[in-house]
Amino acid sequence: MKRLFTSESVTEGHPDKVCDQISDTILDECLKQDPESRVAVECLIKSGLVVVAGEITTKAQLDIEYITRSVLRGIGYTKEEYGIDANNCKVIIHIEKQSPDISQGVTEGEGEFEEQGAGDQGMMFGYASDETEELMPLPITLAHKLIDKLTSVRKDNELTYLRPDGKAQITIEYEENKPKRAHTIVLSTQHNENIDYETLKSDILEKIIKPVCNDWIDENTRFFINPTGKFILGGPYADAGVTGRKIIVDTYGGMGKHGGGAFSGKDPSKVDRSAAYAARFIAKNLVANNLCNKCEVGLSYAIGVAEPVSIFVESFGTSEITEEELIQIVKNNFPLKPAQIISYFDLKNPIYQHTSTQGHFGNKEYPWEKIIEIKK
């Protein structure tokens, strides 16, 4: 049986991703100065305006306006015609402290339970598949690699007419649940006004799409490159951006479930982030240890409570052992309580700005991507 599956990724200049990067850079600065910081920071960006709001409890001395402008400059937003100018935009900041009602539930020795509890209720999912070296789904892996290549040719000035905003989307044809070919590749990139459309299409195909996807392209693969004809006005000028609005780009490209919680701007006491990392770690290692070929792991929590409310494992019929046995293996081998997860992955380190572009999973540099030997 043949079927199609599509995933997308977006550049660091996409307005939503700009907001993710600002939020995570603020988080990193808090953790760099005070590892016990509690942070929940959101951003809104539109044209010449950035709004930074949320809750921070920290000993860190922060210059949030400076951080915001530095992130914009690093992305390449240095001219109003690109979508926003880091030097001239308005930055509005509204930050308060974390609610004491939440604090007592996630601080060890306070609240109803002695152990550090989850920073919120909710469910988090992790996913892994043996269809790529990264043990990630192929569509999102290729979409991220397209965006990485697009960004590098822009920042290396190989294609000097490119601007920061852009999106990639790839449709993979599966046969008997195995990826066979690239059915359709879509890439839209912001560009200067003076570039010829045919030149842009040729450059994008030869310098970005083919180097990344050539092993999957055949004579029937369809290409849509800047299919509207032009993409001059982009970034925050064309679209408002908000932190946490690219949760599928951040995870598995739509393959596997999502609990709905975003990552960026949240310190690891928030299980939206830390437990999602743990769930990916569990799923990846179940596949890496040949206990299944494909795996989805679900964890759920109650605010202020350390133990997960539920643990879910789905092997999609690819395991020789029962899912009940897989759950027991999970309980015996992996950190599941918030404090355990934070300690195991050393999540109080300032590592988060790098995660805010091109996905939180599949990069072997991240501690939740390491492979361990599972004891059965």
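In this predicted model, the largest pocket has a volume of about 460 Å³. Its lining consists of 18 residues, and those closest to its centre are H144, K145, D148, Q358 and N363. Sorted by class, the lining of the largest pocket comprises 4 nonpolar, 10 polar and 4 charged residues.

A pocket is an open space, whereas a cavity is one from which the probe cannot get out. How many cavities of 30 Å³ or more does the model contain? The count comes to 2. The table sets out their volumes and the classes of their lining residues.

| Cavity | Volume | Lining by class |
|---|---|---|
| Largest cavity | about 80 Å³ | 6 nonpolar, 5 polar and 2 charged residues |
| Second largest cavity | about 30 Å³ | 3 nonpolar, 3 polar and 3 charged residues |

The largest cavity is lined by 13 residues. Among these, M124, F125, H258, G259 and A276 lie nearest the centre of the cavity. Two elements, β7 (122-129) and α8 (271-288), each contribute at least two residues to this lining. The largest share comes from β7, which supplies 3 residues.

Which residues line the second largest cavity? They are T11, L150, T151, R154, L162, R163, P164, D165 and T189. Here the elements that provide two or more lining residues are α4 (138-155) and β8 (162-175). The largest share of this lining, 4 residues, belongs to β8.

**Packing of α1 against α2**

In general, the packing of two helices is described by the angle between their axes and the distance between the axes. Helix α1 covers residues 15-33 and helix α2 covers residues 64-75. The axes of α1 and α2 come within 9 Å and cross at roughly 130°. Because of this angle, α1 is oblique to α2. The crossing of this pair is right-handed.

On the α1 side, the contact is made by V18, Q21, I22, T25, I26 and E29. These residues meet I64, I67, T68, V71, L72 and I75 of α2. By class, the contact of α1 with α2 divides into 8 nonpolar, 3 polar and 1 charged residues.

**Packing of α4 against α5**

Helix α4, which also supplies residues to the lining of the second largest cavity, packs with helix α5 (residues 197-213), and their axes come within 9 Å. At what angle do the axes of α4 and α5 cross? The angle is roughly 140°. An angle must be over 145 degrees to count as roughly antiparallel, and α4 is therefore oblique to α5. The crossing of α4 past α5 is right-handed.

From α4, the residues in contact are L142, K145, L146, K149, L150 and V153. Their partners in α5 are I204, K207, I208, I209, P211, V212 and C213. The contact of α4 with α5 has 10 nonpolar, no polar and 3 charged residues.

Terms used: Residues numbered from 1 in each chain as written. Predicted model: local features only at pLDDT ≥ 70, side-chain atom pairs only at ≥ 80, totals over all residues. Heavy atoms only, no water. 1 Å grid on protein atoms, 1.4 Å probe; cavity = no way out; pocket = protein on both sides within 12 Å on 5 of 7 lines; lining within 4 Å. Points joined across faces, edges and corners; volume = space filled by probe spheres on them. Nonpolar A, V, L, I, M, F, W, Y, C, P; charged D, E, K, R; others polar. Axes fitted to C-alpha atoms, helices over the stretch in contact; angles between N-to-C directions. Parallel < 35°, antiparallel > 145°, perpendicular 65-115°, else oblique. Left-handed = near helix turned anticlockwise from the far one by under 90°. Contact = heavy atoms within 4.5 Å.
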